[in-house]
Protein chains: 4
Amino acid sequence: MIRDKKRGKIVKKSRIGRRGRGFVLRGRRSLASRLNTTEQVYPSGCCVSHTEERRERAGAGGAEEVEMEVGFLGLGIMGKAMATNLLRHGYRVTVWNRTTAKCQELVALGATVGETPAAVVAKCRYTIAMLSDPSAALSVVFDKDGVLEQIGDGIGYIDMSTVDAATSSKISEEVKRKGGAFIEAPVSGSKKPAEDGQLVILAAGDKTLYDEMVPAFDVLGKKSFFLGEIGNGAKMKLVVNMIMGSMMNPLSEGLCLADKSGLSAQTLLDVLDLGAIANPMFKLKGPAMLQGSYSPAFPLKHQQKDMRLALALGDENAVSMPVSAAANEAFKKARSLGLGDLDFSAVYEVVKDAGGSGQA
Amino acid sequence: MIRDKKRGKIVKKSRIGRRGRGFVLRGRRSLASRLNTTEQVYPSGCCVSHTEERRERAGAGGAEEVEMEVGFLGLGIMGKAMATNLLRHGYRVTVWNRTTAKCQELVALGATVGETPAAVVAKCRYTIAMLSDPSAALSVVFDKDGVLEQIGDGIGYIDMSTVDAATSSKISEEVKRKGGAFIEAPVSGSKKPAEDGQLVILAAGDKTLYDEMVPAFDVLGKKSFFLGEIGNGAKMKLVVNMIMGSMMNPLSEGLCLADKSGLSAQTLLDVLDLGAIANPMFKLKGPAMLQGSYSPAFPLKHQQKDMRLALALGDENAVSMPVSAAANEAFKKARSLGLGDLDFSAVYEVVKDAGGSGQA
Amino acid sequence: MIRDKKRGKIVKKSRIGRRGRGFVLRGRRSLASRLNTTEQVYPSGCCVSHTEERRERAGAGGAEEVEMEVGFLGLGIMGKAMATNLLRHGYRVTVWNRTTAKCQELVALGATVGETPAAVVAKCRYTIAMLSDPSAALSVVFDKDGVLEQIGDGIGYIDMSTVDAATSSKISEEVKRKGGAFIEAPVSGSKKPAEDGQLVILAAGDKTLYDEMVPAFDVLGKKSFFLGEIGNGAKMKLVVNMIMGSMMNPLSEGLCLADKSGLSAQTLLDVLDLGAIANPMFKLKGPAMLQGSYSPAFPLKHQQKDMRLALALGDENAVSMPVSAAANEAFKKARSLGLGDLDFSAVYEVVKDAGGSGQA
Amino acid sequence: MIRDKKRGKIVKKSRIGRRGRGFVLRGRRSLASRLNTTEQVYPSGCCVSHTEERRERAGAGGAEEVEMEVGFLGLGIMGKAMATNLLRHGYRVTVWNRTTAKCQELVALGATVGETPAAVVAKCRYTIAMLSDPSAALSVVFDKDGVLEQIGDGIGYIDMSTVDAATSSKISEEVKRKGGAFIEAPVSGSKKPAEDGQLVILAAGDKTLYDEMVPAFDVLGKKSFFLGEIGNGAKMKLVVNMIMGSMMNPLSEGLCLADKSGLSAQTLLDVLDLGAIANPMFKLKGPAMLQGSYSPAFPLKHQQKDMRLALALGDENAVSMPVSAAANEAFKKARSLGLGDLDFSAVYEVVKDAGGSGQA
């Protein structure tokens with residue numbers, strides 16, 4: 001019987017070697033019941049968490065409940081939506097945010113407030129961070145009253161911020177040196193998927209901690225992946241974003257070609273949406289692009305930064321990627337034209353741009 | 001009561017179950033006659049045929065039923081599936097194929113055989129052609145016993161083959177000179193969609209003829225578009241294929257980057273399929289590419305030809321398309337490596353290709 | 001003694017100072033007659049005319065002198081300079097130009113005027129054409145009073161205009177069908193080299209005619225090449241222009257990079273001019289580009305057309321050329337911005353172009 | 001009268017504020033005479049040293065001589081040639097090399113050997129370093145017995161190694177902190193130009209020190225440039241190499257296009273060498289490339305690294321460079337094929353590469 005008064009309570013059944021036995025984190029009411037099944041629902045060899053499947057199984061039984069204290073650092077747009085989801089699924093959540101005011105809305109939903117990142121970690125067996133950038137991610141760990149002051153044996157730290165591999169590695173090393181467990185778990189998806197619990201989670205690092213976090217990830221996302229060693233989460237995200245950014249270019253080129261060739265660009269979007277390359281991004285961004293509306297869901301300068309980093313990863317591994325490189329240069333052109341803060345679909349402006357007579 | 005002895009007859013109330021009770025192709029003066037009806041089912045200003053919507057409306061009313069003789073030239077993989085669909089939906093179909101043997105299967109389904117393209121046109125008010133390439137498309141029109149020998153006032157010719165704008169224009173001019181009506185109507189979609197009546201039809205040319213063909217197009221496809229003047233169908237197809245071919249490149253580059261960077265390429269496909277750029281092509285081709293399986297649904301050399309033509313269209317209209325141009329060069333590289341007859345996804349081999357130690 | 005009453009006469013020892021004493025264009029059977037001489041000045045196996053070498057040899061001996069009537073069609077900037085050079089080197093030249101007024105300046109230098117292209121060919125054993133474009137090149141041959149009306153056995157027609165291979169082939173076929181000999185001989189070099197007799201001549205077609213023309217080519221250019229079958233002259237020019245156009249792009253990119261990185265673009269030009277890639281184009285165009293001066297020595301739209309044709313040649317032969325393709329797209333962008341009539345170095349404006357804050 | 005016994009002697013005339021007055025370093029016999037002219041030959045505002053001009057002036061007079069002790073660290077291929085040139089022009093040179101054996105050849109020419117970098121700096125007012133890479137450049141400065149131990153007020157350190165801007169800055173800061181003066185002065189040109197004193201020197205940093213070094217630079221190179229702040233030398237070299245690497249690609253593409261189109265690639269080289277883009281690199285590398293000979297004058301992996309760094313510089317400054325980016329990807333492809341250690345012209349193999357039938 002393991003019991004850690006401070007950090008949360010585990011009800012029933014002795015647990016030896018917290019990680020060794022694949023302890024599973026669950027929400028208060030909804031997910032706890034599975035703990036007493038003889039069949040381990042999430043075998044540790046399984047690197048993918050299929051939420052749908054699990055929810056079905058979960059519906060089958062359910063009696064006993066486990067209550068877990070989860071820490072949550074960072075209540076920006078994403079973090080707030082994620083912490084809210086955890087609360088709604090029965091988790092006890094202790095939140096911290098740089099500006100404390102943001103905590104109140106979550107307190108209204110049942111959250112407790114921690115004074116500092118260190119205080120949160122001191123209280124919770126698992127602490128999730130969702131911060132705006134690498135410097136914020138480093139700050140909550142390394143600064144005074146930071147995570148490192150309280151992290152230790154048997155405690156897990158999960159950074160879901162989007163940071164580079166170097167930042168992840170730095171945090172990972174220190175957390176491990178202190179005896180803690182660490183995973184990076186950047187997400188694919190923005191505000192809406194966060195609110196709907198439909199994120200895609202790209203986790204890497206400590207496999208046991210990942211397994212323990214799967215129930216929480218099932219609340220936050222529609223699927224989570226375990227990708228191996230630290231840095232792989234960041235890398236996977238770069239590759240996905242590179243493909244996405246590259247795809248935005250032929251769409252832009254095609255819309256412009258249609259328009260200049262006497263076809264309707266809107267009809268092109270309609271045709272695309274019925275065919276083999278129909279995809280949510282074209283459907284969502286296409287009409288906005290035709291209206292010159294580039295409200296930044298994903299700022300162009302960040303898209304270009306990700307393409308640069310993906311190309312650098314390719315350089316490191318001697319992978320020649322001429323099409324993505326051409327797309328990157330188009331984004332750079334957009335930056336040079338002052339479009340960096342608009343949505344990355346504003347690269348369409350670079351393709352369209354024709355200052356003169358157009359037919360010289 | 002419209003009646004055209006030679007080219008088709010209109011039979012009252014004799015057909016049950018053909019797409020509810022909506023009338024279909026109409027007699028020679030049918031468009032004019034419909035204008036007298038109080039409910040105009042397909043207003044001529046509507047350039048898009050929404051099958052779903054139409055089916056609903058059709059179900060609502062309908063009294064008179066019409067049976068129409070449609071000619072069909074070319075019974076290759078696509079043509080056979082399309083003619084079969086017309087027969088199954090109650091059309092009377094007169095078929096012709098260069099090698100007569102292929103007609104027998106359709107005869108078994110109720111088709112009549114025409115001796116020559118000219119004989120088919122002589123018999124049918126509307127003749128659809130679905131031929132393999134521009135030279136075949138020209139041949140059935142201009143050769144001895146060809147379409148031109150019988151085309152004339154009040155007769156419609158619909159070429160659904162994929163041909164270039166120049167070929168379309170040449171056919172259009174001659175058909176019109178003889179008094180006939182013409183539309184080009186290339187399709188997006190291959191064997192399966194053809195069998196399922198799920199093609200996307202990109203029509204252009206004579207708007208009245210297009211309107212008359214809408215019911216048949218509703219049988220053949222899930223949606224049809226009227227795109228304006230002759231050539232626009234071909235152009236729209238080029239633009240769509242250019243975007244598709246370009247997209248295949250960042251997918252290939254991303255899969256290769258994942259693999260060389262220590263990530264699982266299969267996991268990348270899984271992640272992509274959950275996100276904003278999930279699309280049927282990635283889902284279908286991706287796993288095959290990882291297995292090096294390039295059974296040609298759309299041969300690479302044809303994809304590259306379409307990209308070349310799309311780029312030429314861009315050149316004509318001074319549209320700079322650097323990403324599509326880079327993609328085109330990758331396909332050319334694939335051709336130079338002897339991959340032209342494989343599926344266009346074989347461009348992945350060009351990206352992967354690393355003859356040496358790989359890390360020089 | 002060779003004598004051809006109608007098309008030219010050979011005059012013994014009457015000319016002093018024409019390129020030393022080397023004989024020049026020869027009479028109808030001249031090639032055969034030279035084969036009897038012990039010293040074969042221009043062995044037929046030699047496909048390159050080395051002017052310097054030849055001048056040396058010419059200076060060494062030489063007794064007999066020949067005067068030859070050469071026809072010259074087209075007195076634009078290039079043609080006028082070239083015809084002038086022929087006159088200055090002792091050739092008798094019969095000129096024709098669409099607008100007769102342009103002939104007067106050459107009459108002052110000793111030229112005779114032909115009423116029509118046909119009249120020129122009727123009078124001269126060899127007729128050179130230097131016309132502005134393919135349509136003009138076709139017109140002087142195929143129209144009424146054109147070259148074809150008088151071309152025939154033993155007569156040579158040399159088209160030095162820059163035309164596509166198809167135009168060359170069409171002319172070649174008809175000239176040969178009538179019994180005449182034909183070479184295409186487009187040149188590399190513009191006004192100044194034409195005036196200085198420093199053109200580079202890219203000849204192809206009838207090898208015997210080429211050999212006979214070598215002395216005239218030595219007057220017009222610093223070197224001539226015989227490249228084999230008709231079309232090869234045009235192709236070689238395309239390849240050279242493709243390389244040239246491509247090179248203009250990294251120069252533009254480098255100048256822009258220098259400028260934006262706090263270096264002096266002029267110093268970059270100075271450094272380049274001292275190193276391994278120093279070349280006349282960089283030296284000539286670079287400083288003008290920095291001043292935004294793009295007086296069209298070679299209009300951008302023509303450069304882009306040549307790049308398009310070179311890429312098409314690559315497409316035909318499955319040669320992937322990603323860097324040239326990227327350069328072509330930059331020129332297309334320049335066209336779309338209305339820069340097509342400026343010098344091709346105006347592609348620099350496309351690279352520089354930064355409408356906004358520049359640092360988004 | 002300034003006199004520094006240890007570091008070299010200055011003959012005649014008091015010098016106040018060594019750097020303030022623009023002290024000029026000269027070789028023993030050849031260049032010393034100009035010191036007593038009233039007109040300052042190299043005004044400090046002049047950023048370019050024109051060797052030719054200077055040598056002419058030098059020839060005009062000359063009486064008095066100055067003898068200067070110059071230190072030289074690093075006797076690799078380049079360093080040995082450069083130190084030799086200094087000795088031949090009358091400089092007293094104290095050399096150091098990691099492996100002392102290499103010093104003997106220079107001792108035979110009159111050089112003195114220093115035990116350590118620190119010992120060299122202790123003895124010489126000016127010390128030049130020519131080392132193989134950034135780590136060697138850092139090592140001689142920061143390691144035990146390194147430059148920093150003896151550098152100080154009134155002493156100049158000149159690093160002519162090719163290093164990145166960060167390395168230069170690091171050295172610069174420490175040298176200046178100790179009171180010394182520093183310039184980076186990477187060179188353009190390899191073994192032969194080094195031996196012939198025909199390097200191009202790209203200096204940046206302390207302008208006064210640059211002015212003092214001009215006479216020595218005149219011995220080592222055909223021209224030296226002063227480019228402003230530290231880092232600019234490295235940047236200028238990157239820009240030059242980016243243009244050079246990019247140019248190698250259209251050459252490769254053109255050679256391949258010629259060959260596949262039925263033209264002679266050798267003839268293309270001949271034509272190029274007569275035209276507006278004739279340059280030493282094409283002339284030198286072209287024929288070797290046609291023979292598949294890629295003896296590494298400049299290894300491809302280093303060229304690619306420079307292109308990557310130049311593109312990164314462009315990224316930093318929002319300069320879109322699509323053609324150079326495409327060229328970079330070709331070099332990366334070459335690396336992936338194991339060609340990284342060959343000459344950078346081996347990128348031709350990437351363009352040529354056609355494993356299959358070649359005409360699919």
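**Going through the model**

Analyst: In chain A, residues 24 or more positions apart make up 66% of the contacts with a separation of 6 or more. Keep in mind that this is a predicted model.

User: How many helices and strands does chain A have?
Analyst: Chain A has 14 helices and ten strands.

User: And what percentage of chain A counts as buried?
Analyst: Of its 360 residues, 56% count as buried.

User: Which UniProt annotation covers residues 231-350 of chain A?
Analyst: An unreviewed UniProt entry annotates that stretch as "domain: 3-hydroxyisobutyrate dehydrogenase-like NAD-binding". Over residues 231-350 of chain A, the chain is 70% helix and 0% strand. The end C-alpha atoms of the stretch are 33 Å apart.

User: Let's look at H13 of chain A. What span should it have, and what are its end C-alpha atoms apart?
Analyst: Helix H13(A) holds the 15 residues 322-336, so at 1.5 Å a residue it should span 21 Å. Its end C-alpha atoms are 21 Å apart, which agrees.

User: Is H13(A) mostly covered or uncovered?
Analyst: Mostly covered: 15 of its 15 residues are buried. Just after H13(A), A:Gly338 has a positive phi of about 85 degrees.

User: Now the chain contacts. How many residues of chain A are in contact with chain D?
Analyst: 15 residues of chain A are in contact with 15 residues of chain D. On the chain A side, the elements giving two or more residues are helix H12 (300-316) and H13. H13(A) gives the most, with nine residues.

User: What do the residues on that side of chain A divide into?
Analyst: The side of chain A that touches chain D has six nonpolar, three polar and six charged residues.

User: Then A and B. How many residues does each give to the contact?
Analyst: Chain B gives 56 residues and chain A gives 56 residues. The elements of chain B that give two or more residues to the side touching chain A are strands S9 (199-205) and S10 (221-226), and helices H10 (232-260), H11 (265-272), H12 (280-290), H13 (300-316) and H14 (322-336). H10(B) has the largest share, 19 residues.

User: And what do the residues on the chain B side divide into?
Analyst: The side of chain B that touches chain A divides into 36 nonpolar, 15 polar and five charged residues.

User: How are the two copies related?
Analyst: Chain B superposes on chain A by a rotation of 180 degrees with 0.0 Å of shift along its axis, RMSD 0.1 Å. The two copies are thus related as by a two-fold rotation axis. Of the residues of chain B, B:Asn279 comes closest to the axis, its C-alpha being at 2.4 Å. Since 100% of the interface residues of chain B are also interface residues in chain A, the copies meet through the same surface.

User: Change of topic: S5 of chain B. Are its faces covered or open?
Analyst: Both faces of strand S5(B), residues 126-129, are covered. B:Tyr126 and B:Ile128 lie on one side, B:Thr127 and B:Ala129 on the other, and all are buried.

User: Which strands does S5(B) pair with?
Analyst: Strand S2(B), residues 69-73, runs parallel to S5(B) and is joined to it by four bridges. B:Gly71 stands opposite B:Thr127 there. S5(B) also pairs in the parallel sense with strand S6(B), residues 156-159, over four bridges. In that pairing B:Ala129 stands opposite B:Asp159.

User: Last one. Where is D:Val95 found, and is it buried or exposed?
Analyst: D:Val95 is in strand S3 of chain D, residues 92-96. D:Val95 is buried, because 28 other C-beta atoms lie within 10 Å.

User: What does D:Val95 touch?
Analyst: Not counting residues up to four places away in sequence, D:Val95 touches D:Phe72, D:Leu75, D:Ala83, D:Cys103, D:Leu106, D:Ala111, D:Val113 and D:Gly114. D:Val95 and D:Ala129, 34 residues apart in sequence, are 9.8 Å apart in space, C-alpha to C-alpha.

Terms used:
Residues are numbered from 1 along each chain as its sequence is written. Chains are lettered from A and ligands numbered from 1 in the order in which they are written. This is a predicted model: local features need pLDDT of at least 70, side-chain atom pairs count only at pLDDT 80 or more; totals for chains, interfaces and linings use all residues. Two residues are in contact if their C-beta atoms, placed from the backbone, lie within 7 Å. Ala, Val, Leu, Ile, Met, Phe, Trp, Tyr, Cys and Pro count as nonpolar, Asp, Glu, Lys and Arg as charged, and the others, Gly among them, as polar. The expected span of a helix is 1.5 Å times one less than its number of residues. A residue is buried if 20 or more other C-beta atoms lie within 10 Å of its own, exposed if 12 or fewer, and partly exposed in between; C-beta atoms are placed from the backbone. UniProt positions are given in the numbering used here, feature names are shortened, and annotations may be inferred rather than shown by experiment. Copies are superposed by least squares on the C-alpha atoms of residues with pLDDT of at least 70 in both. Two strands pair if DSSP finds at least two bridges between them.
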